[in-house]
Amino acid sequence: MRQGGLARRLEGFAFVGPFLLLYVFLLIYPLFLGIGISFHRADLFGARQWVGFDNYARLLADPVFHQSLINTFKLTLLIVPALTIVALALALALNRATRTAAVFRGLFFSSSVLSVTIVTLIWRFILTPDAGLVAEAMQALGKEPVPFLSDPNLTIPALAITTIWWSIGLPMMLFLAGLQQIPGDIYEAAALDRAGRWTTFRRVTLPSLRRTVILVVMLQTAAQLQIFGQAQLLTAGGPSGSSRPVVLFIYEVAFGRWELGYAIAAAEMLFLLVLAVTLIQYWAVTRRETEQ
Amino acid sequence: MASLELHDVRKAYGDTLVLDGVSLAMEAREFVAFLGPSGSGKSTLLRIIAGLEMPDGGEVVLEGRRIDRLPPGDRDVAMVFQHYALYPHMSVRENMAFGLRNARVPGDEIERRIADAARILEIEAQLDRKPGQMSGGQRQRVAIGRAIVKHPKLFLLDEPLSNLDAALRTRTRVELAQLRLRVDAAVIMVTHDQAEAMTLADRIVVMNDRRIQQVGAPMEIYSRPANAFVASFVGSPAITLAPAELLPGEGAFARVRLASGAEVETRVRREGLNGDLRLGIRPENLAITAPGAGNIDAKVELVERLGDRTLVYARLPQGLQVTAQDEGSSRVRVGDTVGLRIDSADAHLFDADGTAHHAEPAA
């Protein structure tokens, strides 16, 4: 070892130390603490009673939890593909150096800086059947207003639309960044190669954006499996649980029914679910890459 | 049949004129180099021919068909880009096949053309690799292959050698020269490197300041430059342009006096010359002698020994820098005072607006 090797290594640790400490205390420790609590009957005041896998067994048999899982999947499946496609379409349309494009980029991104409370309020004004924007428009056309927030078949789409509008900014920016990385001369080569617009998009643009698409889908899947604020504020999970996602279920169990052990068990299940989905996506992607 | 014809092509970006009435006619299978400094408009002209830029006026005609309003893919031209512009996610084979598939060429025909091109360019072993796994030289070959398989009527090469290292550049230059003999099409190459233009092209189009300055065979450009720009741009090291004054006299040929007082008898006809002139002398026409033995004396500032010859950069008493050539075994050193003997038989005269007047060949 070189002279001063130990000192240098300590110096390195000194730099990462503060972050590592926070990371361990705020994430790793609670993770394991949570696993521990999930095997107990526990409340928020520290009462603990060992119940083994009882909480997990209850969850697997709980129809409310099942419903929230299904709602979460529905929302994720509605939001992620639509969000990806819309964000890509916007990025393609706005990937130019004009002033108008810059203004629209700002406009579409602006929703991302709003808090979920504001976003939900805005969409409440739009969707509410009494005097909402959509309702007024429908009435002007002589049609009945649609009860977006009270019809069990419409609450999930309403939540999906709200979420897409709110979250469109980041994926759009990621796609724009991806598009800027594509060298202009390969588009010129494609023009000389007689590629039409669709062929150019499918054979040149899309393959060049592959990594960005993967990134957006993985990030959004992980995010939407944990959807919460919009559901709580827009519909409160109702009517009759038709729009209750898993995180809202966890929240209600923990802070409504004070069953901390049961809630954490559900949280651990969600954690495993997110981890599994992300790993499967990662595996599917890297496997294809090594095949190529 | 004529290959490419340009009629009065004009192009401006906003208020900035970049091409000002460019006209040119190429013969079948001719190799033409557009030579000029950056900003001369040569790349813009190439892109107008390719269809990547629209001219503001004028016509582009290829083998009798007007093409300047057609999309790039319908023009029967193929282009090799400066940075190759290969599709990074496609294999070499797919890169070459892409344009042919879009043109609905039958599959077996595509295979045949790719195999031919790969054989000529010696990239058969790399057909299934991606561009990212290849060296610059190999990518260059793929880019050329992608152009060849299209069987175009005109090849457009945009600075094709500029991204290669010196050794590879010389080799690729030879290969390009051989390649053009195999293809049944005209070739335009844009370059700022006169050695490339001189060695490869049948004719050179020298461009500067938005216009064609001269069109001619390489040696013609070198020995009979149309104006002072062409004279100083072509030839390395550059020609010396020395201010000179026409002396009155009776002879058919002009006699001039340089600022140093030295008088030079040229073989340029006296008619049409007047006022301020510049005498153009190539280094090979400026020999080193003992001080006082030549036309002028000069102080040596830099000596470049190239082996077979020595280039001597010297300064005249009036401050003008000149480049002379001496034999390889020259003993001249920096700081020496030497004599310069002007071989005036090949000297050119340029008048105030730069127009050249050439020496008449000795009878």
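Which residue of chain A forms a salt bridge with Lys150(B)? Select Lys150(B) and Asp193(A): they form a salt bridge, and their closest N and O atoms are 2.7 Å apart. The term covers a side-chain nitrogen of Lys or Arg within 4 Å of a carboxyl oxygen of Asp or Glu.

Before going on, note that this is a predicted model, in which local features need pLDDT of at least 70, side-chain atom pairs count only at pLDDT 80 or more, and totals for chains, interfaces and linings use all residues. Residues are numbered from 1 along each chain as its sequence is written, chains are lettered from A in the order in which they are written, and side-chain values use heavy atoms, with hydrogens and water left out.

**Stop 1: the interface**

Show both chains. Here 24 residues of chain B are in contact with 16 residues of chain A; contact means heavy atoms within 4.5 Å. About 1700 Å² is buried between the two chains, and carbon and sulfur atoms give 57% of that. Now pick Tyr87(B), His89(B) and Phe98(B). These supply 26% of the area that chain B buries against chain A, more than any other three residues. Buried area is the accessible area (1.4 Å probe) that two parts lose on being put together, summed over both.

Three salt bridges cross this interface. Eleven residue pairs across it are in polar contact, both residues at pLDDT 80 or more. A polar contact is a pair of N or O atoms within 3.5 Å; within protein, one must be able to donate a hydrogen and the other to accept it, and residues adjacent in sequence count only if both atoms are side-chain atoms.

Color α1 (42-50), β6 (77-80) and α2 (92-102) of chain B. Each supplies at least two residues of the side that touches chain A. The largest share, four residues, comes from α2(B). Helices (H or I, at least four residues) and strands (E, at least two) are DSSP runs, numbered from the N terminus.

**Stop 2: the largest cavity**

Select the lining residues, among them Phe31(B), Val80(B), Ile144(B), Phe155(B) and Arg180(B). About 100 Å³ of space lies inside. A cavity is a set of points on a 1 Å grid over the protein atoms alone where a 1.4 Å probe fits but cannot get out; lining residues have an atom within 4 Å of a point. Volume is the space filled by probe spheres set on the points, which are joined across faces, edges and corners.

Which helix gives the most to the lining? It is α5(B), with three residues.

**Stop 3: two backbone features**

Go to the peptide bond from Ser236(B) to Pro237(B): it is cis, with omega near 0°. Pro237(B) sits in the loop between α8 (228-233) and β11 (240-247) of chain B. Next, center on Ala85(B). Its phi is positive, about 50°, although it is not a glycine. Ala85(B) lies in the loop between β6 and α2 of chain B.

**Stop 4: a pair within one helix**

Finish at Arg119(B) and Asp116(B), whose side chains meet in a salt bridge (3.3 Å, N to O). Both lie in helix α3 (residues 107-121) of chain B, three residues apart, about one turn of the helix. Over all chains, the count comes to 35 salt bridges.

Key: 1 Å grid on protein atoms, 1.4 Å probe; cavity = no way out; pocket = protein on both sides within 12 Å on 5 of 7 lines; lining within 4 Å.
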